[in-house]
Amino acid sequence: MAKLIIVSNRLPVKLQEKDGKLTYTTSEGGLATGLGSIYKKQDNLWIGWPGMVIEDTGKQKIVIEDIRKDNMYPVFLTENEVKEFYEGFSNETLWPTFHYFSQYAIYEQNLWETYVEVNQKYCDEIVKHASPNDTIWVHDYQLLLLPSMLREKLPDATIGFFQHIPFPSYEVFRLLPWRKELLEGMLGADLVGFHTYDDMRHFLSSVNRIIGYGGMHGWINTGNRSLLVDSFPMGIDYDKYSEVAASEKVMKLEQQYRKNVGTENIIISIDRLDYSKGIPQRLQAFELFLEKYPEFHGKVTLVMLVVPSRDAVEKYKELKEEVDELVGRINGKYSDIHWNPIQYFYRSLPLEVLSAFYRMANVALVTPMRDGMNLVCKEYVASKLDQTGVLILSEMAGASKELSDALLINPNDINKMVSAMYEALTMPVEEQKVHMATMQDTLKRYNIHHWVGLFMDRLSYVKIKQMSLETSYLDDATFQEMSDSYELAGSRLIFLEYDGALTNYKAKPLMARPDEDLLELLENLSNNPKNRVVVISSREKANMEDWLGHLNLDIVAEHGVWLKQRGSGWKTMMSLMDDWKSDIRLILELYVDRTPGSFIEEKEYSLVWHYRRVETGLGELRARELVNHLNFLATNSNLQVLDGQMAVEIKAQEVNKGKATSHWLNMYPHEFVLAVGDDWGDEEIFKAMPRNAYTIKTGNSYSIAKYHLDGPGEVRDMLTKLVKQESKEIPPNAKMTG
Ligand code: GDG
């Protein structure tokens, strides 16, 4: 049975050696909790570095045996690899670049080479444990090259990649000398996930500009594979944080700390020591606050926890000195015998202490300059059991897209930060509760388990979709085969979509009037007595009648609402049904699950999915996805999907393009069938086609059509060749009546 392999730079366990004895500390991190329920199952495995250099092979064997019991397997790194791959390229090249601190980035060839070697080392370890059809989920920026390395060795594996830190705009990413290799590495995955829509947008734009791959709706077409890019805002283990906050031990700690701190107002600040977290800027804002609001002297304390991190890296040492100096200066300036404005801790503290800090703080100051997501702010919200407290959150944190009830600030705007502190400290309790309750509802629903489930579901979906969407180019050999069967057939049905398949899209719909060449081609094709040519369009029937009504054609207009058989007038069939609603509602619920802020409206004969309150861009993306999803389903049901203003509406309707084409297939003999379409809506047509039909899609190649051509120009050439092939046999201008 296929298994799941999780890969991250670090394992969810920390290895240490004390007095010659190996000890293992389990990680309490969000990722470890979220994935805990799956990596410990059956043969699943988590592969990564155990956090300590062990060169002795005897000891390595012991570690392998010890952690194997918990479904983990170690990748051992040498001292030099830790220095060059982890501290060097990962933390001094990629981290600053991806957090928009490219002035801190170093570009050193030897660091890059070690990065490549270590990614290869991870790949080799994984390959030893993986079967061809396993699912492998790779995490984060230290392993950007791994998806492609794995793809080469395990072409059929299902590979997911999630990046926990931001993906910068193309203008910043392009600064990296190894930008192309890095992107190519990531593109080995089937699904590439980021926290926010902005990250995925930046990634797609870099892929397009640096490698030249295009795509639609988050899909990237690499020529021989298609992969999906999507956003998955990571949640926390909400229940864990609220339960710890409710424990007796934490409540006691809170009381004790409150007494020790001594002021009625407490502002909390918790981060790893990192320049991306905006710690000095936050301190400066607090200093200005004290200067501007002397009435708060002796009444507010900033409890600041800074967790040591990457202290071997020079920039982090400098930052530590800067923070120490600022804290010293502010405390020196304002403290008196009863009051220290800042209580500063430079260490890691147990979860219960953290929880007590969250509980006692009436304000949390989370103001990173950049942050992929930021979990601290979410943990604060989950710990506020009485729903009091105010979150001041940087709009540069991924979490700000979900937590719009926080006081959102730009961390570069020090005055705004100061006024936000004042607003937070003076906010009426009732108002605090309204905002806190809304944020808690969001975080409860979009928790870490939801995140893991969504990513895994999406990964399986991509794999299925890839299989069904592979089309091949209609090359000369296939054309010849098609042309032979065209010639042999005594009766032919030819379905041609108008916009995008016969003509290019124009700025305004009415500019796509058929030119002389197209009219002549359609005339020649339809005047062949063996042919029945059906032109299909979503345009109004009057428009189609005006442009093509004089030809010997059959026409479908307005998505199939109107049908015209050659030689007779327009007809329609309508009905009003609503028995489809329960099934479609389930699908819309899935989109609500994946899209914070969206909701469903139910009308008598329709369902509407609204996204006006969703993060700009993400709503549009999901709407397009939903429209596609429903279009596939609509083929054999009586639905019409309308992509409206900030809403997608699904209406009962008995007619659609697929049904319309089935009508011709049922009515007329067809030894040869050809269908040419151009967009997702035309999938209905392809689905309705018999097995032996030649189905061709123009442009983007993701389709259930068997073949693709580049655009209307190639379609016209292909049809012209078919016509010419027979022109010797058919008398010119021979007409056939309907
Ligand atoms: C990266 C991205 C993204 C902190 N101090 C202590 C402690 N912590 C815990 C917090 C929180 C975690 O560490 C920090 O997570 P963040 O998300 O805030 O930041 P990064 O470490 O930079 O994480 C980030 C994340 O990946 C997930 O994708 O959100 O944007 O940079 O859980 O509670 N825990 C304990 N003691 C401490 O002293 N026990």
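S606 lies in strand β24 (residues 606–610). The model is predicted, so local features need pLDDT of at least 70, side-chain atom pairs count only at pLDDT 80 or more, and totals for chains, interfaces and linings use all residues. Residues are numbered from 1 along each chain as its sequence is written, and side-chain values use heavy atoms, without hydrogens and water.

Q: Is S606 buried or exposed?
A: Buried means under 20% relative accessible area, exposed over 50%, and partly exposed in between (1.4 Å probe, protein chains only). S606 has a relative accessible area of 4% and is therefore buried.

Q: How many residues of strand β15 are buried?
A: Strands are DSSP runs of E with at least two residues, and helices are runs of H or I with at least four, numbered from the N terminus. In β15 (residues 390–394), five of the five residues are buried. One side carries V390, I392 and S394, the other L391 and L393, and both faces are covered.

Q: In which sense do β14 and β15 pair?
A: Two strands pair if DSSP finds at least two bridges between them. Strand β14 (residues 363–366) runs parallel to β15, with four bridges. L365 has I392 in β15 as its bridge partner.

Q: Where does E523 lie, and why does E523 count as partly exposed?
A: E523 belongs to helix α19 (residues 516–527). Its relative accessibility is 30%, which is why E523 counts as partly exposed.
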